Amino acid sequence: MPQSPSAFKSLLATKLWLVALKYLCFIGMNPKQRAAEAALSYVKDGMVVGLGTGSTADFFLEALGTAITSGKLRDIRGVPTSKYSELRAQKLGITTATLAQCPSPDITIDGADEVDPNLELIKGAGGALLREKMVAQNSRKLVIIVDSSKVVQKLGQRYALPVEVAIFGYQVHEAFFRSLGAQPMLRVEKPSGHPFVTDNGNYIYDCRFTQIDQPHNVESKMKSRAGIIETGLFLGLAGEVLIGGEDKVLTLKRNL
Ligand code: 5RP
């Protein structure tokens with residue numbers, strides 16, 4: 001405690017200034033960053049954290065790295081969902097582990113392309129859907145961080161559904177996707193025009209639906225076909241969704 005009233009006043013003024021500065025930074029934040037920073041409160045000392053992929057997940061990696069290097073969080077291990085996130089995490093001072101080494105992460109924090117009112121998701125615009133889904137399915141809790149542009153009434157309304165396929169005979173899936181009502185587009189790299197190859201050595205078809213009325217049906221039909229490795233439908237997985245807005249974060253929880 002400061003000894004004199006003037007020292008006390010100056011300490012109070014400094015504290016008020018720091019609070020105001022924090023508030024101003026919060027107001028100036030990108031909504032994705034606001035959601036990502038809010039997700040940090042879910043992480044506690046000693047946890048294994050699944051690390052998502054994408055620009056929103058990247059804001060979370062930065063916040064987590066800062067919390068670790070400043071000593072605010074201790075004994076954290078991250079399980080990355082892509083080679084990119086692994087490199088980013090290591091650069092930011094986050095100790096990484098594989099899913100095999102840490103098979104049940106306490107929590108996974110990841111972004112999404114679409115979120116519907118039942119907290120069902122489309123993911124995979126960043127191409128990491130297979131590892132993201134494996135890490136999410138094996139985690140005790142999945143917390144999704146998005147901005148409000150990702151909220152839709154029906155899945156498929158805004159984004160195409162990414163589907164990861166084996167390279168062998170991949171063209172045969174096109175007619176199958178059409179039979180489900182989708183327009184498939186093989187994902188290509190720009191500017192080369194070569195097919196995009198995932199971290200797992202596969203291709204991706206982006207399947208554009210008008211909307212997906214029965215996501216469970218689409219999921220089971222696609223997953224029953226040889227050569228289709230994974231879809232970007234994340235059904236029944238998200239426990240909470242944090243939606244970053246202009247000056248606050250809205251939390252949606254799954255009804256159990
Ligand atoms: C990557 C993903 C991403 O989480 C999703 O595409 C959202 O990305 P962003 O946060 O950049 O909007 O599923 O495979």
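Let's start in helix H5 (129-137), where Leu 129, Leu 130, Arg 131, Glu 132, Lys 133, Val 135 and Ala 136 are buried. Buried here means that 20 or more other C-beta atoms lie within 10 Å of the residue's own, while 12 or fewer makes a residue exposed and anything in between is partly exposed, with C-beta atoms placed from the backbone. That makes H5 a mostly covered helix, with 7 of its 9 residues buried. Helices (H or I, at least four residues) and strands (E, at least two) are DSSP runs, numbered from the N terminus.

A quick word on what you are looking at. This is a predicted model, in which local features need pLDDT of at least 70 and side-chain atom pairs count only at pLDDT 80 or more, while totals for chains, interfaces and linings use all residues. Residues are numbered from 1 along each chain as its sequence is written.

Now step back to the whole protein chain. Its secondary structure comes to 7 helices and 14 strands, and 44% of its 256 residues count as buried. Take the contacts with a separation of 6 or more: 76% of them are between residues 24 or more positions apart. Two residues are in contact if their C-beta atoms, placed from the backbone, lie within 7 Å.

Leu 142 has 28 other C-beta atoms within 10 Å, so it is buried. Leaving out residues up to four places away in sequence, Leu 142 touches Thr 108, Asp 110, Ala 136, Leu 237, Ala 238 and Gly 239. Ala 136 takes you back to H5, where it is one of the buried residues. Asp 110 is 32 residues from Leu 142 in sequence, yet their C-alpha atoms are 7.6 Å apart in space.

Next, the ligand. Which of the 18 residues around it come nearest? They are Gly 54, Ser 55, Thr 56, Gly 111 and Gly 126, where a residue is near a molecule or strand if its C-beta atom, placed from the backbone, lies within 6 Å of it. H3 and H5 are the elements that give two or more residues to this shell, and H3 gives the most, with 3 residues. By type, the shell divides into 5 nonpolar, 9 polar and 4 charged residues. In that scheme Ala, Val, Leu, Ile, Met, Phe, Trp, Tyr, Cys and Pro count as nonpolar, Asp, Glu, Lys and Arg as charged, and the others, Gly among them, as polar.

Helix H3 (residues 55-69) and helix H4 (residues 83-91) have their axes 9 Å apart, at an angle of about 25°. Axes are lines fitted to C-alpha atoms, for helices over the stretch in contact, and angles run from 0 to 180 degrees between N-to-C directions. H3 and H4 are therefore roughly parallel to each other; angles under 35 degrees count as roughly parallel, over 145 as roughly antiparallel, 65 to 115 as roughly perpendicular and the rest as oblique. On the H3 side the contact is made by Ala 57, Asp 58 and Leu 61, and on the H4 side by Ser 85, Arg 88 and Ala 89. These divide into 3 nonpolar, 1 polar and 2 charged residues.

Then there is helix H2 (residues 31-39), whose axis comes within 8 Å of that of H3, crossing at roughly 45°. H2 and H3 are therefore oblique to each other. In this contact Lys 32, Gln 33, Ala 35, Ala 36, Glu 37 and Ala 39 of H2 meet Ser 55, Thr 56, Phe 59, Phe 60 and Ala 63 of H3. Ser 55 and Thr 56 also turned up among the residues that come nearest to the ligand.

Most residues other than glycine have a negative phi, and most peptide bonds are trans. Asp 75, in the loop between H3 and strand S2 (77-80), has a positive phi of about 55°. Asp 75 counts as exposed because it has 11 C-beta neighbours inside 10 Å. Leu 119 has a positive phi too, near 65°, and is found in the loop between strand S5 (114-115) and strand S6 (121-122). With 21 C-beta neighbours inside 10 Å, Leu 119 counts as buried. Lastly, a cis peptide bond joins Lys 190 and Pro 191, with omega about 5°; Pro 191 lies in the loop between strand S9 (183-186) and strand S10 (203-208).
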